[in-house]
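Please work through the exercises below with the sequence and the model at hand, and try each task before reading its solution.

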Amino acid sequence: MTTTRGLEGVVAAQSAICSIVDGVLCYGGINVDELAENATFEEVIYLLWHGVLPKREQLDELKKDLGINAVVPKEVIDAIRSYPAGVHPMSVLRTAVSTLALYDVEAQDMSKEANYRKSIRLMVQTPTIIAAYARIRKGLEPVQPNPEYCVAKNFLYMLNGTEPTDTAVKAFDTALILHADHEFNASTFAARVTVATLTDIYSGVVSAIGTLKGPLHGGANEQVAAMLGEIGSVENVEPFIHNALENKVKIMGFGHRVYKDGDPRAKWLRQMSKELTTQIGRSELYEMSVKIEELVTGEKGLKPNVDFYSASVYIALGLETDLYTPIFAISRMSGWTAHIMEQFENNRLIRPRADYIGPVNQHYVPIDQR
Ligand code: ACO
């Protein structure tokens, strides 16, 4: 039996949602660069769920469905109010999404149509939950979603209770597009493993949220922000990075299991970081990031991944650090639900084997003789 540590390079199943070939990332066969430049997040949601871009009336219908389903049951908001203070928003999201299932009359309906409707609700109730928690923990009342707004605008509106600027909405929408899917990344694979037992879609999404939370996956963007804060100035970058590399400390936001020559999403976030940090008069965040990139790439050959520049983008958008991974979850909900629906379409239990390396030929020894 051969083992592959971390399943590196293992092709676990077929999928028609997203591809990474020779470092090029495509959703439904369309290069993510084209989508970042031209599409809206809602078009990308449709693309991931249906495999093709929507016609105008299909997009209008999806936007209408997303708009009217964003309200979260009062019982779930009340449950969020009862959570202990100071817990991480990803833990809140994991628990609140699980609670959502308890109030969804279709939770156990395994039909294709019901799963699609649940995907719509999960897609737009996730941002409502995160924004509500972000306000509740500050002693503020949650803001009801506006059914007329796109996902990006609605989230910023519910979070701050004010109309976001067009620049902020556009930047946030692009970030959502870039994070939307990434074939069999850890959280998506967790979701697929979960639903391959034919459990419900909420269980799959809860697995995915728990998996995204880790610092080797979606949690890395928060660590990048913490690192930028710790470094504090461009002059401090060099000693900090040298010291970290010498001590074999991982630099968050660098390296990738699949992209060894660079993550195609990073250049978009790099450009957004440059523009947005300059606009708010904090260009040092971008300059520090560029200097870190120079050193880490120069000395270790590691390139920035999607999480690296997203940290300075989110700082520039005024978002609290511990909301970065939940924001990633808002975007990736589109991919998770697409993969869950695809898994149900052609399901087979996912059950690999272990290469046993423990002791053999042992015997039961009575407890007082051990
Ligand atoms: N900083 C310093 N060294 C690193 C880094 C890093 N960020 N990433 C990898 N390396 C080193 C490893 O220590 C290892 O060195 P060694 O051969 O001397 O032991 C070598 O590069 C190979 O790295 P692996 O850990 O084997 O790479 P793997 O494919 O298993 O891990 C991962 C990929 C988890 C992304 C890794 O690069 C990492 O931990 N990066 C930092 C966390 C991060 O940014 N995660 C976000 C990924 S993108 C996403 O999930 C959205």
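The exercises that follow concern a predicted model, and each task is followed by a stepwise solution.

**Exercise 1.** Find the residues that UniProt lists for "active site", and explain why they gather at one spot.

Solution. Begin with the record: the unreviewed UniProt entry lists His256 and Asp307 under "active site". Next, compare sequence with space: they span 52 residues in sequence, but no two of their C-alpha atoms are more than 10.5 Å apart, and therefore they gather at one spot.

**Exercise 2.** Carry out the analysis for Asp307, and then for Glu113: is each one buried or exposed?

Solution. Asp307 belongs to helix 15 (residues 306-316), and with 29 other C-beta atoms within 10 Å it is buried. Its contacts, not counting residues up to four places away in sequence, are Ala220, Asn221, Val224 and Gly253. Glu113, in turn, is found in helix 6 (residues 112-136), where 9 other C-beta atoms lie within 10 Å; since 12 or fewer counts as exposed, Glu113 is exposed.

**Exercise 3.** Work out the strand order of the open sheet, and identify its edge strands.

Solution. The open sheet has three strands in the order 1-2-3, with antiparallel pairing. Its edge strands are strand 1 (18-21) and strand 3 (30-31), each of which pairs on one side only. Turning to strand 2 (residues 24-27), two bridges join it to strand 3 in an antiparallel arrangement, and Tyr27 stands opposite Ile30 in strand 3.

**Exercise 4.** Describe how domain 1 meets domain 2, and say which element gives the most to the side of domain 1 that touches domain 2.

Solution. Start from the domain assignment, which gives domain 1 (15-214 + 324-345) and domain 2 (220-316); their centres, taken over C-alpha atoms, are separated by 26 Å. The contact takes 16 residues from domain 1 and 18 residues from domain 2. On the side of domain 1, strand 2, helix 1 (32-38), helix 8 (166-179) and helix 16 (324-345) each supply at least two residues, and helix 8 gives the most, with five residues. By class, this side of domain 1 has eleven nonpolar, four polar and one charged residues.

Terms used:
Residues numbered from 1 in each chain as written. Predicted model: local features only at pLDDT ≥ 70, side-chain atom pairs only at ≥ 80, totals over all residues. UniProt positions renumbered as here; feature names shortened; annotations may be inferred. Helix = DSSP H or I, 4+ residues; strand = E, 2+ residues; numbered from the N terminus. Buried ≥ 20, exposed ≤ 12 C-beta atoms within 10 Å, placed from the backbone. Contact = placed C-beta atoms within 7 Å. Pairing = 2+ DSSP bridges. Domains from an automatic or database assignment. Nonpolar A, V, L, I, M, F, W, Y, C, P; charged D, E, K, R; others polar.
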